[in-house]
Amino acid sequence: MPLETTAEKPVPVRTVAHLIGQWIARLGRVWVEGQVTQVTRRPGASTIFVTLRDPIADVSLQVTCSRALFDDVVPPVEDGSRIVVFGRPSFYVPRGSVSFAAEAIRTVGLGELLARLEHLRRVLAAEGLFDARRKRPLPFLPHRVGLICGRASAAERDVLTNARRRWPAVEFDVREVAVQGPYAVSEILDALASLDADPEIEVIVLARGGGSVEDLLPFSDETLVRAVASARTPVVSAIGHEQDNPLVDFVADVRASTPTDAAKLVVPDVAEQQALIDGLARRARRAVESRLTREEAVLAGLCSRPVLADPAAGLRRHAQQVDDLRDRARRCLRHLLDRATDDLQHRQERVRALSPAATLERGYAIVQRADGSVLRDPAEATAGEALALRLAGGTLVATAAAEGSAAH
């Protein structure tokens, strides 16, 4: 039940402090995991103060334990160690501070860490974050590269030196962060988000030198792995040595075995590219020359053929064929005309032989009355009747005489 207070009836500080202590005490005993960032041993004191920090969030908790409990932990607890603490939270009323009173402390062993990493790897793989189809190719010649590395680290020097030796014009935006310890994940996440939001950054390199499994744990953190997987900009992972495989290697677009290898993957070697261009130019020149040589040989072969060696010979041959065909056509036409002429003459003679004029020419005559009718029998003529005698040379007029008399 909330306190009923007013400006006229406030409650004293001790009341609020005791209530806060009561609420915190209700949490009871719990197991807490975190990373040790500071161990404070005060001379002559039996209590040791340990700052336990969340490996991802910027949250820490003050842990108190007895010196005997702390010294009995195997292996010994050091700065950066991951531990699991069993105890209860308490509120120190005089100072108004919260602390965690430890009753048991265990270090997270290497085997347990590896088992956790393997489980996380399987979960992320099942979600498809390691699928090669989602990985993006690196730009051939990036103008500006983002580099996340340790402060004044050898990894930074290796990447910058080798990249600028290969391509002097490349520019880097270097973000120096903690690459191990409790602050590493948060600083790397901030640097990654900042570089990924910059439109001029074409590729981001995560670089760190080798180290133990515990040293490389930040690069297997689930939050960082998912951030790399969702980054808009292609990411190159260059963590540790060839044998090191933090989980970020599996989600990065490209995995480099070392920081030096990352520099070789990110930018091309100007000397190698020039040699490649020169080699391609030589190959192209040889290909063109070979093609020209083949075409010249084909052209020479074509020119050596008779039809091209003496083009007029073909024309002359065809001209002769045309002349022969023309003469043949003339002979055929002349023969046809001769046959037609002979046939026409024969028909003319036949027509002429059948013509009455031909009969008259043989001495015959046609006797006609005045009305033009032909007289075929002398008995048909009447004495004194005028008759026309049609001869081959002309017509005569005669008068029919009586039988026994001569005609006139």
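**Reading local features and helix packing**

Modeller: Ala152 lies in the loop between strand E6 (144-150) and H4. Helices (H or I, at least four residues) and strands (E, at least two) are DSSP runs, numbered from the N terminus. This is a predicted model, in which local features need pLDDT of at least 70 and side-chain atom pairs count only at pLDDT 80 or more, while totals for chains, interfaces and linings use all residues. Residues are numbered from 1 along each chain as its sequence is written, and side-chain values use heavy atoms, with hydrogens and water left out.

Biologist: Is Ala152 buried or exposed?

Modeller: Buried means under 20% relative accessible area, exposed over 50%, and partly exposed in between (1.4 Å probe, protein chains only). Ala152 counts as exposed because its relative accessibility is 71%. The phi angle of Ala152 is near 50°, a positive value in a residue other than glycine.

Biologist: At what angle do H4 and H8 pack?

Modeller: Axes are lines fitted to C-alpha atoms, for helices over the stretch in contact, and angles run from 0 to 180 degrees between N-to-C directions. Helix H4 (residues 154-166) and helix H8 (residues 259-266) pack at about 30°, and their axes are 8 Å apart. H4 is therefore roughly parallel to H8. Angles under 35 degrees count as roughly parallel, over 145 as roughly antiparallel, 65 to 115 as roughly perpendicular and the rest as oblique.

Biologist: Which residues make the contact between H4 and H8?

Modeller: Contact means heavy atoms within 4.5 Å. On the H4 side the contact is made by Ala155, Asp158, Val159, Asn162, Ala163 and Arg166, and on the H8 side by Pro259, Thr260, Ala263 and Lys264. Sorted by class, the contact of H4 with H8 has 5 nonpolar, 2 polar and 3 charged residues. Here Ala, Val, Leu, Ile, Met, Phe, Trp, Tyr, Cys and Pro count as nonpolar, Asp, Glu, Lys and Arg as charged, and the others, Gly among them, as polar.

Biologist: How do H5 and H6 pack?

Modeller: H5 and helix H6 (residues 222-229) pack at an angle of about 10°, with 10 Å between their axes. H5 is therefore roughly parallel to H6. Ile188, Leu189 and Leu192 of H5 meet Thr223, Leu224, Ala227 and Val228 of H6. The residues of this contact divide into 6 nonpolar, 1 polar and no charged.

Biologist: Where is Ser186 placed, and what does the side chain of Ser186 reach?

Modeller: A polar contact is a pair of N or O atoms within 3.5 Å; within protein, one must be able to donate a hydrogen and the other to accept it, and residues adjacent in sequence count only if both atoms are side-chain atoms. Ser186 belongs to helix H5 (residues 184-197), and the side chain of Ser186 reaches the backbone oxygen of Tyr183 at 3.2 Å. Ser186 is buried, with a relative accessible area of 17%.

Biologist: Which residues does Arg369 touch beyond four places in sequence?

Modeller: Not counting residues up to four places away, Arg369 touches Leu375, Glu380, Ala381, Glu385, Ala386 and Leu387. The side chains of Arg369 and Glu385 are joined by a polar contact of 3.2 Å. Arg369 is found in the loop between strand E11 (366-368) and strand E12 (386-390), and is partly exposed, with a relative accessible area of 23%.
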